Amino acid sequence: MELKNFTIFPIEVCGRLSPRELYVLAGLYINAHYVRDDEYMTTDTTFSQLSETTGVSVDYIKKSFVPKLKSLKDIGISVTSIQESYKVKRNIYKLPNPKSNYRIIWKELFSDKTLLPEEKGMMIGLYCLCVNNEFRIDLLDKTICEKLKITRNTLKKYIDLLIDKKIIWSSEDAPIALISFNHDNARIIMYPHLGYATWLDKVNNYIPDEYDEETKHLEEENKKEIEINQKKVYNFFDE
């Protein structure tokens, strides 16, 4: 089944679905027909097609995911069943197509075999909590748990897994283009299939601020001068 190159994903669903459910919903979105100015996207993707897209079992999609999806009517998601034939029933999914408060997910996420569905879903949830147009998570763990409706143990488990797989980095180890010096404890998501401009695009297009470079140079020169003067003082007292 041919997927769109990328899809939007509404931020407001985070905290309403588990990590695996978030990922499967992203699978519906990447399959849904997009019309730019329409309020909704629709898809009649079958259980088997959604399973093929996401790698999640048909049984889980049918018995767990779809019933949970039906509980999200308050945010504009609807599931309607139609009888195609005597033995064939099909679902029509109506999904919000927001003009703001969304994230971009590329189709390559779904063919990536290095991450499990739950890991992908947690990454999507964390990405939704990033600063707009950035890949930086400035929030405390307690706040992340409250927003995603998960326990601290669950958060730690997936953060550790994503760190091991080099998806999440500390500000200390991430490229300068992705960090903020005012948030040096922030975590950075470095996954190449998120964002209309991915983290790789941001790094490749980064132009250092000349003022910052000049200031850094002056600070280094001042530091050297201070060290020289300190040595003079020490030498004076040693004589």
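Buried here means under 20% relative accessible area, exposed means over 50%, and partly exposed lies in between, with a 1.4 Å probe and protein chains only. Thr 45 is found in the loop between strand 2 (40-43) and helix 2 (47-54).

A quick word on what we are looking at. This is a predicted model, where local features need pLDDT of at least 70 and side-chain atom pairs count only at pLDDT 80 or more, while totals for chains, interfaces and linings use all residues. Residues are numbered from 1 along each chain as its sequence is written, and side-chain values use heavy atoms, leaving out hydrogens and water.

Back to Thr 45. Its side chain joins that of Thr 43 in a polar contact of 2.5 Å. A polar contact is a pair of N or O atoms within 3.5 Å; within protein, one must be able to donate a hydrogen and the other to accept it, and residues adjacent in sequence count only if both atoms are side-chain atoms.

Now, how far is Thr 45 from Asn 91 in sequence and in space? They are 46 residues apart in sequence and 7.5 Å apart in space, C-alpha to C-alpha. Asn 91 sits in strand 4 (residues 89-96), and counts as buried because its relative accessibility is 10%. Its side chain makes polar contacts with the side chains of Ser 81, at 2.7 Å, and Tyr 93, at 3.2 Å. Leaving aside residues up to four places away in sequence, Asn 91 touches several others, including Thr 43, Asp 44 and Phe 47; contact means heavy atoms within 4.5 Å.

Let's zoom out. The protein has nine helices and eight strands; these are DSSP runs numbered from the N terminus, with helices (H or I) of at least four residues and strands (E) of at least two. Of its 239 residues, 40% count as buried.

And the nonpolar core? That term means a set of buried Ala, Val, Leu, Ile, Met, Phe, Trp, Tyr and Cys residues joined through side-chain atoms within 4.5 Å. The largest one has 62 residues, and Met 123 is among those touching the most other members. Its largest share, eight residues, comes from helix 1 (residues 19-31). Not counting residues up to four places away in sequence, Met 123 touches Leu 109, Leu 115 and Ile 189, among others.

One last stop: Ile 176 lies in the loop between strand 7 (168-170) and strand 8 (187-189). With a relative accessible area of 42%, Ile 176 is partly exposed.
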